[in-house]
Amino acid sequence: RKEYLDLYVNYKFNKSVQKPFEDFMQGFLRGCPARSWKMFSPEELQVLLQGQPTFDWHLLEKNVKYAQYTKSDQTIRNFWTVFHDLPEEKKKMFLVFLSGSDRISGYGLEPFRFCIADPQIENPDESSPYASTCILTLFLPR
């Protein structure tokens, strides 16, 4: 039974995926030569390719730049109060809204900076917040 189980597990985890894995590896090495990524551990490579899976949201707040706003404006204080009360999944949805992705590059939140700007529209009560993903700017009406 042990031999059968060993052979079965070997087939499921190794032999049955050998050809697709070789195809994947060949394509991966074409785009990212081995000498460039061998210096990374598997965990570091995963973070580099997929981005950070968890975040320090207070660091995100600290790194924000403001245009036509100051950190002490009531609109900004309200925004951060509501933001920090959101569940983790909704905060990631905000990242998608702002940047197009729910992950931050492998460098983490320290270099990630976005801007909150006042769109300076005539009737701010009739407008919703919107984002420009290209320039990482959240336009937040007063």
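1. The C-alpha centres of domain 1 and domain 2 lie 41 Å apart, and the assignment places domain 1 at residues 1-39 and domain 2 at residues 57-139, with bounds that come from an automatic or database domain assignment. This is a predicted model, in which local features need pLDDT of at least 70 and side-chain atom pairs count only at pLDDT 80 or more, while totals for chains, interfaces and linings use all residues. Residues are numbered from 1 along each chain as its sequence is written, and side-chain values use heavy atoms, with hydrogens and water left out.

2. An open sheet of four strands has the order S1-S2-S4-S3 with mixed pairing, where strands are DSSP runs (E, at least two residues) and helices are DSSP runs (H or I, at least four), numbered from the N terminus, and where two strands pair if DSSP finds at least two bridges between them. Strand S1 (65-67) and S3 are the edge strands, each pairing on one side only, and the twist averages 25° from one strand to the next.

3. Strand S2 (residues 115-117) and S4 run parallel and are joined by three bridges, with Ala117 having Phe139 of S4 as its bridge partner. Helix H6 (residues 74-85) packs on the sheet and touches S1, S2 and S4, its direction making about 130° with that of S2; contact here means heavy atoms within 4.5 Å, and axes are lines fitted to C-alpha atoms, for helices over the stretch in contact, with angles running from 0 to 180 degrees between N-to-C directions.

4. The count comes to four salt bridges, each being a side-chain nitrogen of Lys or Arg within 4 Å of a carboxyl oxygen of Asp or Glu. Among them, Asp73, Asp118 and Arg142 are linked in a network: Asp73 meets Arg142 at 3.8 Å, N to O, and Arg142 meets Asp118 at 2.7 Å, N to O. Arg142 lies in the segment after S4 and Asp118 in the loop between S2 and S3, 24 residues apart. Asp118 is buried, at 10% relative accessible area, whereas Arg142 is partly exposed at 43% (buried is under 20%, exposed over 50%, partly exposed in between, with a 1.4 Å probe and protein chains only).

5. An unreviewed UniProt entry lists Cys134 for "active site", and such annotations may be inferred rather than shown by experiment. Cys134 sits in the loop between strand S3 (130-132) and strand S4 (137-139), and is exposed, with a relative accessible area of 75%.
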